[in-house]
Amino acid sequence: MKPLSVQLRVLLTLGALLILIEVINVFTANALNQFGVIPRSLSHLPYIFSAPFLHGSPSHLMANLIPLLLFMWLTMQWGTRTFVITTLSALMVAGLGVWLFGRGAIHIGASGMVYGYFGFLVLAGFKSKKIKYLVISVLVAALYGGMLVGILPTSKFISFEYHLFGFIGGLIAAWYWAR
């Protein structure tokens, strides 16, 4: 595990980058959102890598930012290798899941990553059988378990598909890599 100062630097840099991108997006009338995922559009397949950095509004970003940074930090406690694998698993499974099965819309936002880390954190402690990680899993499940409602289609303007496939990506990472 990297020292806390390195972890905080990574989190603050990502947070600043997300805010900067949102400021640019606001001043360009959301022009960057064209780099979101449009399901089954071959030209939009590469945008599975840019979509998590884009948000529809500053409030959309703020709704994702705190849980994203918190869950990233908690996932970092498993070590750099597991953190990177979890990040890639959430990114790829969420992005490809939305691209293959999503509703016809532009899908953007970091919520797929939030749900990916959430899925990892809920399962990984139980898989590891280590008290420190088990405590993290129990606390995340108890404090954020209500997020599971987000994997259901509750609003036509919210990409439950990103939530669902991100969560699955996190579960896959926990299943295979949380030791």
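Two rings of Phe, Tyr or Trp are taken as a pair if their centres lie within 6.5 Å, and planes under 30 degrees apart count as stacked, over 60 as edge-to-face and the rest as tilted. In this predicted model, nine aromatic pairs are found by this rule. One of the pairs joins Tyr 115 and Phe 118: the ring centres are 6.3 Å apart and the planes stand at 80°, so the arrangement is edge-to-face. Tyr 115 and Phe 118 are both buried.

Phe 118 also takes part in a pair with Phe 167. Here the centres are 5.7 Å apart and the planes meet at 35°, so this pair is classed as tilted. Because Phe 118 lies in helix α4 and Phe 167 in helix α6 (residues 160-177), the contact ties together parts of the chain that are 49 residues apart in sequence. Phe 167, like Phe 118, is buried. Ring pairs extend to a cluster made up of Phe 71, Tyr 115, Phe 118, Tyr 144 and Phe 167.

The charged end of Lys 127 is placed over the ring of Trp 175, at 3.8 Å from the ring centre.

Pockets were examined next. The largest pocket holds about 520 Å³ of space. Its lining consists of 19 residues, and those nearest the centre of the pocket are His 60, Ile 108, Phe 157, Ile 158 and Ser 159. Helices α2 (58-76) and α4 each contribute at least two residues to this lining, and α2 gives the most, with three residues. Sorted by class, the lining of the largest pocket contains eight nonpolar, nine polar and two charged residues.

The second largest pocket has a volume of about 210 Å³. It is lined by 13 residues, of which Leu 14, Pro 52, Phe 53, Thr 87 and Met 113 are the closest to its centre. Two or more lining residues come from each of α1 (4-27), α2, α3 (80-101) and α4. Among these elements, α3 gives the most to the second largest pocket, with three residues. The lining of this pocket divides into 12 nonpolar residues, one polar residue and no charged residues.

Key:
Residues are numbered from 1 along each chain as its sequence is written. This is a predicted model: local features need pLDDT of at least 70, side-chain atom pairs count only at pLDDT 80 or more; totals for chains, interfaces and linings use all residues. Side-chain values use heavy atoms; hydrogens and water are left out. Rings of Phe, Tyr and Trp (its six-membered ring) pair if their centres lie within 6.5 Å; planes under 30 degrees apart count as stacked, over 60 as edge-to-face and the rest as tilted. Buried means under 20% relative accessible area, exposed over 50%, partly exposed in between (1.4 Å probe, protein chains only). Helices (H or I, at least four residues) and strands (E, at least two) are DSSP runs, numbered from the N terminus. A charge sits over a ring if NZ of Lys or CZ of Arg is within 6 Å of the ring centre and within 35 degrees of the ring normal. On a 1 Å grid over the protein atoms alone, a cavity is a set of points where a 1.4 Å probe fits but cannot get out, and a pocket is an open set with protein on both sides within 12 Å along at least five of seven lines; lining residues have an atom within 4 Å of a point. Grid points are joined across faces, edges and corners, and a volume is the space filled by probe spheres set on the points. Ala, Val, Leu, Ile, Met, Phe, Trp, Tyr, Cys and Pro count as nonpolar, Asp, Glu, Lys and Arg as charged, and the others, Gly among them, as polar.
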